[in-house]
Amino acid sequence: MGSVLHLLENARKEGRKLLAVLIDPDLGQDAERLERTVQNACMAKADLIFVGGSLLTSAGFDQCVGRVKDLSDRPVILFPGSPAQLSAHADAVLFLSLISGRSAELLIGHHVTAAPTVKALGIEAIPTGYMLVDGGKPTTVSYVSQTVPIPHDKPGIAAATALAGSYLGLRTVYMDTGSGALRTVAPAMITAVRSQVDLPIIVGGGISEVRTARTLCEAGADVLVVGTAFEQDPEHIFAMSEAVHSGHSI
Ligand code: 1GP
């Protein structure tokens, strides 16, 4: 087993909650801000750094990942919006299958395109069931993927989807309302998924308040992913990291 998946599974077993700082690769255009965000993530002892986005609007993805890796002593994990978002500088890639959607391309097609490159680059692939959940407004990921998110108040659909994903052999579940969503995934939905699968549960989208972070961890999330709130204020990483890590005994 690869070391990043091992880290996720161990943390899950030990009840340690993890914080992932999501870096939009377009941030590579702003060297100073990128540096500050990564440095804060390391100083605040955030556990993971994710790099990726549904839509890149600038070139230089590989350089951005390389810069993040140079600046960071944390594992750097790709959260790719497309097979083009791969880089040898990363430690691992979330090998995402969009199991809430019914697009063959996003369930298996892009994976066929990406797999030989992942192997050639030698990065760890983490089989991840990605579930898009309605977060109160259309997000870039819902628009770009052209898929219908799981309704926010239907925990049973999310639980059945995650269970199917686990039967298919996926090793983590990522529930996301999308970047900048108005609402996070509902705690009741996380709890429903938790009751069905014993996989590490990653939750992202719209998380900005430390109190919300605690609630989502208490509901059963193992990894919280925060992007927009840290883009707006990189200093917020410290308070968020403390909130997530103070949940270890939950
Ligand atoms: C989006 O889960 C991530 O895919 C993070 O969302 O930018 O809203 O924190 P935010």
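Residues are numbered from 1 along each chain as its sequence is written, and side-chain values use heavy atoms, leaving out hydrogens and water. Because the model is predicted, local features need pLDDT of at least 70 and side-chain atom pairs count only at pLDDT 80 or more, while totals for chains, interfaces and linings use all residues.

**The ligand**

| Residue | Protein atom | Distance to a ligand oxygen atom |
|---|---|---|
| Ser179 | polar side-chain atom | 2.5 Å |
| Gly206 | backbone N or O atom | 2.8 Å |
| Gly227 | backbone N or O atom | 2.8 Å |

On its own, the ligand has 310 Å² of accessible area, and the protein covers 96% of that (Shrake-Rupley method, 1.4 Å probe).

**Thr172 and Arg171**

Now for two residues side by side in the sequence. Thr172 belongs to strand β6, residues 172-176 (strands are DSSP runs of E, at least two residues; helices are runs of H or I, at least four). Arg171 sits in the loop between α6 (155-167) and β6.

Are they buried or exposed? Thr172 has a relative accessible area of 0%, so it counts as buried (under 20%; exposed is over 50%, and partly exposed is in between, with a 1.4 Å probe and protein chains only). Arg171 is partly exposed, because its relative accessible area is 31%.

What do they touch, leaving out residues up to four places away in sequence? Contact here means heavy atoms within 4.5 Å. Thr172 touches Leu5, Leu8, Ile126, Pro127, Thr128, Gly129, Leu199, Pro200 and Ile202. For Arg171, the list is Met1, Leu5, Glu9, Pro127, Leu199 and Pro200. The side chains of Arg171 and Glu9 also make a polar contact of 3.1 Å (a pair of N or O atoms within 3.5 Å; within protein, one must be able to donate a hydrogen and the other to accept it, and residues adjacent in sequence count only if both atoms are side-chain atoms).

**Helix α3**

Finally, look at helix α3, residues 61-71. Its buried residues are Phe61, Cys64, Val65, Gly66, Val68 and Leu71. Among the elements covering these are β1 (18-23), α2 (31-43), β2 (48-51) and β3 (76-78).
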